[in-house]
Amino acid sequence: MSVQLREGTKQSHTMAENVGFIKCFLKGVVDKRTYSRYVGNFYFVYSALEEGFTQLRQHPVVGKLYYPELWRKSSIEQDLAYFVGPNWRSTVQPSPACQVYVERIREIAKNDPVLLVAHAYTRYIGDLSGGQILKKIARRAMDLPEGEGTAFYDFEQIPHEGKFKQRYRAQMDALGLDQVTIDRIVAEANYAFKMNMDLFKELEGNWLLSMARLTWNSL
Ligand code: VER
């Protein structure tokens, strides 16, 4: 199943990398305001995902991928306290695309739990793969002091990201799922990529607005 997931989402991955916000981010163009919206939305996404895995830790399939060392909710809390301030809980809100994403995670956790595997794969394996590059870019782009605002990218309980990914893939392959279920998981992973792209596209609008504001202010 791990190979089918990788092959079956290749095109989505390329599309996600090509959304304007991500392209700018990769070039080191991102402001703190837009970035705090980006991590703010992920706070709600990971909260829903991690709540789902907690509720389903005894589930015969989903329970086999119960790895709290991957969880991002508390790292994102630290980053939001840095970017937004100590009262971030009263100001950070999920965007419309984020609400759709969170609703989907909650719905499948309740009615079709096996599909949660697709969501864990899309986010956590992605985080483990691109995380260190993105951390460097974020630090440089926003001129962040050492150890501030980048907890999202640090997996303190996972010393060897590559080895962990191998273990995770082996565990996915050992779930013993039939082809119909695997196909449904691959389709859900593509939907997860799409929902990520929708989040990024919303931010693109915000980013353009911030740039226009900056230009206007400097005239
Ligand atoms: Fe990707 N990714 N990624 N990625 N990624 C890799 C593997 C991988 C990279 C780099 C890499 C996303 O964006 C990026 C995902 C998921 C996602 C490398 C390996 C960069 C530079 C970017 C740009 C930001 C996004 C947005 C997502 C998901 C929303 C997964 C699931 C995987 C694992 C593929 C596998 O091996 O199965 C260098």
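Which kind of link do the side chains of R123 and D127 form, and at what distance from N to O?

Guide: Please note at the outset that this is a predicted model. In it, the side chains of R123 and D127 meet in a salt bridge, with 2.8 Å from N to O. Both residues belong to helix α8, which covers residues 116-142. They stand four residues apart, or about one turn of the helix.

The surroundings of this pair deserve attention. R123 has a relative accessible area of 9% and is therefore classed as buried, since the limit for that class is under 20%. D127 is likewise buried, with a relative accessible area of 9%. R123 also lies over the face of F42, at 4.2 Å from the ring centre.

Leaving aside neighbours within four places in sequence, F152 is in contact with R123 and D127, and its other contacts include Y35, Y38, V39, F42 and Y46. R72, S75, I76 and D79 are also among the residues that F152 contacts. One of these, R72, has its charged end over the ring of F155, 3.7 Å from the centre of that ring.

F152 leads in turn to the nonpolar core. The largest such core has 67 residues, and those that touch the most other members are Y35, Y38, F42, L70, L116, F152 and Y168. Several helices contribute to this core: α3 (20-26), α4 (32-55), α5 (73-83), α7 (96-111), α8, α9 (161-173) and α10 (179-218) each supply at least two residues. Helix α8, which holds R123 and D127, is therefore one of the contributors to the core.

Aromatic rings form another pattern here. The count of aromatic pairs comes to 21. Ring pairs link F21, F25, Y35, Y38, F42, Y46, Y82, F83, Y124, F152, Y153 and F200 into a cluster.

For comparison, one may turn to other charged pairs. The structure holds eleven salt bridges. One of them joins E146 and R139 at 3.5 Å, N to O. E146 is exposed, at 66% relative accessibility, and R139 is partly exposed, at 28%. Elsewhere, salt bridges with shared partners join R6, E7 and K10 into one network. Within it, the side chains of K10 and E7 meet at 3.4 Å, N to O. K10 has a relative accessible area of 45% and is partly exposed, and E7, at 43%, is partly exposed as well.

Finally, the loop between α8 and α9 contains D143. The phi of D143 is near 55 degrees, a positive value in a residue other than glycine. Most residues other than glycine have a negative phi. D143 is exposed, at 66% relative accessibility, whereas R123 is buried and D127 is buried too.

Key: Residues are numbered from 1 along each chain as its sequence is written. This is a predicted model: local features need pLDDT of at least 70, side-chain atom pairs count only at pLDDT 80 or more; totals for chains, interfaces and linings use all residues. Side-chain values use heavy atoms; hydrogens and water are left out. A salt bridge is a side-chain nitrogen of Lys or Arg within 4 Å of a carboxyl oxygen of Asp or Glu. Buried means under 20% relative accessible area, exposed over 50%, partly exposed in between (1.4 Å probe, protein chains only). A nonpolar core is a set of buried Ala, Val, Leu, Ile, Met, Phe, Trp, Tyr and Cys residues joined through side-chain atoms within 4.5 Å. Contact means heavy atoms within 4.5 Å. Rings of Phe, Tyr and Trp (its six-membered ring) pair if their centres lie within 6.5 Å; planes under 30 degrees apart count as stacked, over 60 as edge-to-face and the rest as tilted. A charge sits over a ring if NZ of Lys or CZ of Arg is within 6 Å of the ring centre and within 35 degrees of the ring normal.
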